Amino acid sequence: MQEVATVATGPEPQRTEGPPRRSKAENRIRALFNQENIATMVVALIIGIAVILPLIALFINSFLVLDDSGWDTEWGFDNYLLMVTDRIIPKAFVNTILISSGSTVLATFLGVSLAWINARTNCPGRDFLEPYNLIPFFLSPFVGAIAWHNLAAPKTGLLNNWAQDYLGFETHILNVDNLWGVIWVTGIFFAPLVYLFVVGSLRRMDPSLEDSARTTGAGLFKTTMTVTLPLVMPGILSGAIIVFVTSAGEFGVPFKLSAPYGWETLTTQIFSKAVGDDANHYLGAAMSMALGIITVVLIWIQQRYIAPRSFTTVTGKGFRPNVLDLGSWKWVAFGYNVLYILVAVVLPILSLLVVSLHPVWEATIQPAQMSFINYEKTLFFWREDSIQAATNGIFNSLILALVGATLSMVLAIVVSYMIHRTKGPMTRLIDFLCVVPIGFPGIVLAMGVLVTYIQTPIYATLWILLLGYVTRFFPYGQRNVSSIMLAISEELDQSSRMSGASWFTTLKRITIPLLKPGIFAGWVLLFIIFLRELSISIILYTTGTETLSVGVYYLSNFENEPLTAALSMAQTIVLLAAIFLFRRVAGKEALTA
Amino acid sequence: MPIDNTQSDENYLEVKDLIKWFGDDPAVDGISFKIAKGDFLTLLGPSGCGKTTTLMSIAGLHSIDGGSIRVGDAMFTDPESGIFMAPENRDIGMVFQSYAIWPHMSVTKNVAYPLEIQKIPKDEINDRVADVLELVGLTDMADKMATQLSGGQQQRAALARAIVAKPRLLLFDEPLSNLDLKLREQMRVELKRIQNEVGITSIYVTHDQAEALVMSDDIIVMSKGHIEQMGSPVDIYSKPVNSYVSNFIGVANLLEGNVKKANTSGGEADVEVNVAGEPITLKCQLGAGLKQGDDTVLSVRPENVHAVREPDGAAPVPGEVTSAIFLGNYVDCRVAWGDFEWKVIAHPRMGLKEGEKVYLQFESEHMLAVQP
């Protein structure tokens with residue numbers, strides 16, 4: 001081998017001989033124009049339009065005031081003044097806050113206690129119970145409200161009738177047709193949100209932290225209250241905020257349980273301003289702005305201040321910590337957990353099943369009357385007497401869920417790639433745009449989409465629903481993909497480029513195959529979300545573009561309880577199948593935020 | 001591999017005035033070097049010195065902010081002229097720190113990948129993959145999934161994948177740093193053997209000086225985005241240009257001093273150092289760039305300082321052994337000389353003990369006065 005020619009390079013770099021150093025600004029402008037950056041900018045533009053346009057439209061429309069004729073508008077703050085002066089809206093505001101607060105307290109208590117029992121104690125049958133604790137997370141709260149109405153409405157509730165028949169009560173003992181009922185149903189359905197935020201850190205917590213408290217003489221209760229729970233407090237707070245925001249944006253439950261009996265909420269009011277008899281999109285936009293600002297601020301606090309802290313509480317060591325021996329109390333814990341599953345999963349589904357089998361429901365079980373006629377009417381689209389809103393809903397929801405989940409995941413992959421693999425100038429903007437939709441309740445975003453596109457050809461088609469679904473929910477898929485992308489080394493991509501493969505070939509042959517589990521889990525999650533979606537659909541649907549949940553809404557409003565229960569059952573069964581699939585592909589802690 | 005004695009082969013790879021900014025800090029601040037075809041160059045330095053940034057610039061895994069990089073007759077990047085060749089077009093093989101063996105493919109699939117990208121016929125791919133797997137000693141593992149390999153085997157697979165397409169350049173990003181010591185020492189020799197066999201020009205990044213000394217034809221010592229010195233391992237070790245290089249490579253006794261008398265032609269010089277306030281003059285070799293009156297640092301390797309009980313040469317220096325640690329084939333001693341503590345290597349047979357009075361003898365041809 002040849003001796004080498006070297007350049008004598010002293011300690012001082014020979015800067016003077018080279019070309020003159022260009023300004024950083026000039027370099028940055030030049031750096032803008034390469035393939036990946038152009039792709040990034042295009043994606044940023046698409047997401048920007050999808051996310052920002054409805055919000056701008058919402059903002060502008062909220063300052064347009066409808067005059068008495070109902071045709072002309074002028075600029076003004078009157079819509080916002082109505083928040084205070086209107087006969088109903090201020091009460092709706094208060095009701096929303098009451099429901100969200102109550103639901104947050106209940107869901108947090110349930111979620112934390114159940115997570116603690118499952119992660120930190122020797123409660124029997126934990127591995128068996130855990131998946132059932134999460135099922136309400138995937139089911140439709142609207143259907144939950146329908147089911148609980150069947151169980152505990154004052155006159156027709158099954159539980160009330162049993163209590164009167166067998167326990168000798170004079171009158172009904174339960175009543176869910178009020179704010180308490182809304183709090184009850186949202187609370188038990190959103191408890192898994194808190195559970196998921198807390199259970200991961202509880203499970204990974206270093207047991208020596210608890211042990212050292214015990215050695216100082218603190219008892220089990222004291223240790224739990226002073227060490228265990230404070231350590232997972234960021235997770236608890238995150239979960240509580242998410243529950244508050246989700247409850248405030250929940251439409252189906254108050255629509256079913258409280259609005260008909262005089263307790264309106266912001267979401268039911270937005271709904272009636274969007275499509276009701278007293279439709280006023282501008283006032284609806286203003287109410288959406290009010291609701292959206294509350295939720296965005298809360299989500300911002302959670303994302304900015306609370307979520308980042310939750311990492312510091314866990315040691316990240318991969319050991320299974322010792323669990324606490326509850327002694328004979330473990331059977332109390334077991335009973336408590338079983339009771340939760342009973343009221344959140346088993347009883348609602350059983351009540352739907354029972355009601356759906358009766359051609360006419362008179363609040364008593366009559367085995368002789370049972371038939372499948374309600375299923376035939378709601379599912380058998382070829383039958384003459386099938387109900388169009390229901391059969392349309394099944395078709396449309398399946399199409400929306402399949403196409404929407406696929407489209408969202410494509411977007412999620414590209415966006416995750418942009419955020420984690422390219423260092424282009426748009427990266428932070430895209431990152432931000434992915435958080436924004438999470439901050440707004442579906443009904444608020446839908447209101448924005450409605451006022452933006454109402455005069456375009458996509459209004460009254462499935463496209464507008466698809467747009468609303470994807471815009472609101474693709475960040476969920478993006479999180480699934482991002483978490484895996486963070487875990488796989490960038491060098492796996494780079495070594496493909498060094499092997500001569502282009503950016504696109506690398507994406508196709510290396511990146512996407514490696515992301516497959518995350519992509520599939522995200523896809524199933526979005527499929528589930530889209531299949532039960534109500535609050536976007538209810539604003540954007542028209543006759544012919546009903547979705548499954550809109551079908552349930554239609555039956556509940558214009559037909560009878562048994563038909564409603566039948567379609568609800570059908571939806572629930574498909575969702576349960578999807579949940580089973582999700583657990584198979586995603587594994588135990590895939591959902592833990 | 002035969003090498004034509006032409007200018008282009010001498011300057012096969014040329015990095016000129018390379019500048020790369022990260023935010024407002026220059027990670028690489030205007031460095032230049034050339035290497036010949038078939039050469040094995042190591043970029044050596046502590047983390048943050050810019051060595052990996054330089055490698056990534058050559059690979060094209062990020063853009064550069066100034067200067068140019070050329071290999072053979074291919075201009076890789078020259079932002080001044082708006083040239084940026086995409087990494088996949090540069091015809092480079094690269095071995096990453098994490099090995100980056102794709103877990104969803106078998107060993108054979110991993111290694112065949114670069115050839116498949118080039119759309120080479122199936123039969124030829126099979127032959128070449130078999131050849132290269134034999135070269136790295138992985139023939140038995142060909143059908144295993146990448147996840148079933150041990151660290152050392154993944155390393156070999158990564159190397160096989162990097163060389164299978166016979167690239168014009170081979171890049172190594174600290175490839176041995178995740179292996180345990182024994183395996184690392186074994187892989188050094190192995191890597192060098194394979195590189196010799198395939199004869200591909202290679203650039204190797206490491207912070208491990210032993211690795212650099214064993215494997216390289218040439219070493220570039222870097223710090224803070226600059227080149228401190230470039231030279232053969234022997235040159236770098238025995239003729240460091242400054243105290244930084246002297247300290248980074250191997251162990252050195254470093255004394256601050258001043259050049260009192262120097263031959264105009266270089267070579268011998270008298271350097272005055274202060275020991276506990278007393279000026280003492282020592283004879284030494286004057287390094288490049290120094291002249292009479294300059295501040296300097298005396299650099300003396302421990303193996304060039306001899307502790308003796310009976311002085312036999314000129315100007316022995318008296319000292320006291322402050323520690324003597326037996327390390328098998330030698331004794332690692334500290335000898336106090338006023339307020340300076342010498343690192344000295346002694347033969348175990350001498351049986352030096354703590355507290356013993358000794359004399360230190362130096363050979364002036366191994367005493368180097370270098371830039372501070």
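Which residue with a positive phi follows α21(A)? Select A:G500: phi there is positive, near 100°.

This is a predicted model, in which local features need pLDDT of at least 70, side-chain atom pairs count only at pLDDT 80 or more, and totals for chains, interfaces and linings use all residues. Residues are numbered from 1 along each chain as its sequence is written, while chains are lettered from A and ligands numbered from 1 in the order in which they are written.

**Stop 1**

Select residues 490-498 of chain A, helix α21. Helices are DSSP runs of H or I with at least four residues, strands are E runs of at least two, and both are numbered from the N terminus. Eight of the nine residues in α21 are buried. Buried means 20 or more other C-beta atoms within 10 Å of the residue's own; exposed means 12 or fewer, partly exposed lies in between, and C-beta atoms are placed from the backbone. Colour the buried set: A:E491, A:L492, A:D493, A:Q494, A:S495, A:S496, A:R497 and A:M498.

Now show what they pack against. In chain A, pick α17 (388-421) and α22 (503-532). In chain B, pick α2 (51-59) and β7 (92-95).

**Stop 2: chain B as a whole**

Move to chain B. Its C-alpha atoms fill a box of roughly 75 × 50 × 40 Å along the principal axes. Count nine helices and 21 strands. Of its 372 residues, 47% are buried. Among contacts with a separation of 6 or more, 65% join residues 24 or more positions apart. A contact here is a pair of C-beta atoms, placed from the backbone, within 7 Å.

**Stop 3: two domains**

Colour 7-243 of chain B as domain 1 and 254-370 as domain 2. These bounds come from an automatic or database domain assignment. The two centres, taken over C-alpha atoms, are 39 Å apart. Four residues of domain 1 and six of domain 2 make the contact. The domain 1 side has two nonpolar, two polar and no charged residues. Nonpolar covers Ala, Val, Leu, Ile, Met, Phe, Trp, Tyr, Cys and Pro; charged covers Asp, Glu, Lys and Arg; the others, Gly among them, are polar.

**Stop 4: B:V370**

Zoom to strand β21 (residues 368-370) of chain B and select B:V370. B:V370 is buried because it has 25 C-beta neighbours inside 10 Å. Beyond its neighbours within four places in sequence, its contacts include B:P240, B:V241, B:N242 and B:S243. Others among them are B:G287, B:T296 and B:V297. Finish with a distance: from the C-alpha of B:V370 to that of B:E256, 114 residues apart along the chain, is 9.8 Å.

Notes:
Two residues are in contact if their C-beta atoms, placed from the backbone, lie within 7 Å.
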